[in-house]
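Please consult the sequence and the model shown here while reading.

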Amino acid sequence: MKVYLGDLPVELTGKRPRLGKPIEGKYRFTPVLNAKNKFPNLQKSKGIIFLSTLPNVKSFACSAQVLDLEVEITKRKIPAKIFHLASCGKDSWAEIKKLHPQLKARGYSLKNCSQIEVENFKQKLGVGVKNSHRLAHGLFALKDGKIIASYIPKQQYGVPNIKNFLNRLERGLYS
């Protein structure tokens, strides 16, 4: 899939998961925000889960994605858990923790994890940046372990349109 960072084309690896399918596999990504345990087994999860993928939480777009997703889900009273998965390491989350201690979402890092697991996960979600260790911006919703919505913005420069993603999801989930 081709996306853009401003005017610069960027090639993503993997394929966006199909609706109704689980994200198979166990992954041992490093907990970095409000989490002590390794990354959950998503295919065995119950209820609604939002998974957010981030290139670098030190950037404004990524930190805004973390904050805006939680604010919008809380405002809409969607009973869900939120997991953020970032390319960058544990130290990158310090600013978010300091500025927004009220966040309840759990954050995980791909840094210093098994490269086989990282590449496998990127392939399953279609958010791996070709020839890079980074993830692309992405938003995924799961219900009882199965994908019910996904959004990988064509324009990767900036904050993904979280309100539009949630509006579309609510029309499909609650109608």
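This is a predicted model: local features need pLDDT of at least 70, side-chain atom pairs count only at pLDDT 80 or more; totals for chains, interfaces and linings use all residues.

## Pairing with E4

Strand E4 (residues 48-54) runs parallel to E5, and 7 bridges join the two.

Together, E4, helix H1 (residues 60-75) and E5 form a β-α-β unit that is right-handed.

## Pairing with E6

E5 also pairs with strand E6, which spans residues 106-109. The pairing is in the parallel sense and comprises 4 bridges. Within it, Leu85 has Tyr108 of E6 as its bridge partner. From E5 the chain passes through helix H2 (residues 94-99) to reach E6, in a β-α-β crossover that is likewise right-handed.

## A nonpolar patch on the surface

Which residues form a nonpolar patch on the surface? The patch consists of Leu5, Leu8 and Tyr157, whose accessible area together is about 360 Å².

Of these residues, Leu5 belongs to strand E1, which covers residues 2-5. Its relative accessibility is 42%. Because this value lies between the 20% limit for buried residues and the 50% limit for exposed ones, Leu5 counts as partly exposed.

Notes. Residues are numbered from 1 along each chain as its sequence is written. Side-chain values use heavy atoms; hydrogens and water are left out. Patches are made of residues with over 30% relative accessible area and no salt bridge: like charges are joined within 9 Å, nonpolar side chains (Val, Leu, Ile, Met, Phe, Trp, Tyr) within 5 Å. Accessible areas come from the Shrake-Rupley method with a 1.4 Å probe; for residues, only the protein chains shown count as cover. A salt bridge is a side-chain nitrogen of Lys or Arg within 4 Å of a carboxyl oxygen of Asp or Glu. Buried means under 20% relative accessible area, exposed over 50%, partly exposed in between (1.4 Å probe, protein chains only). Two strands pair if DSSP finds at least two bridges between them. A crossover is right-handed if, with the strands pointing away from the viewer, the path from the first strand over the helix to the second runs clockwise.
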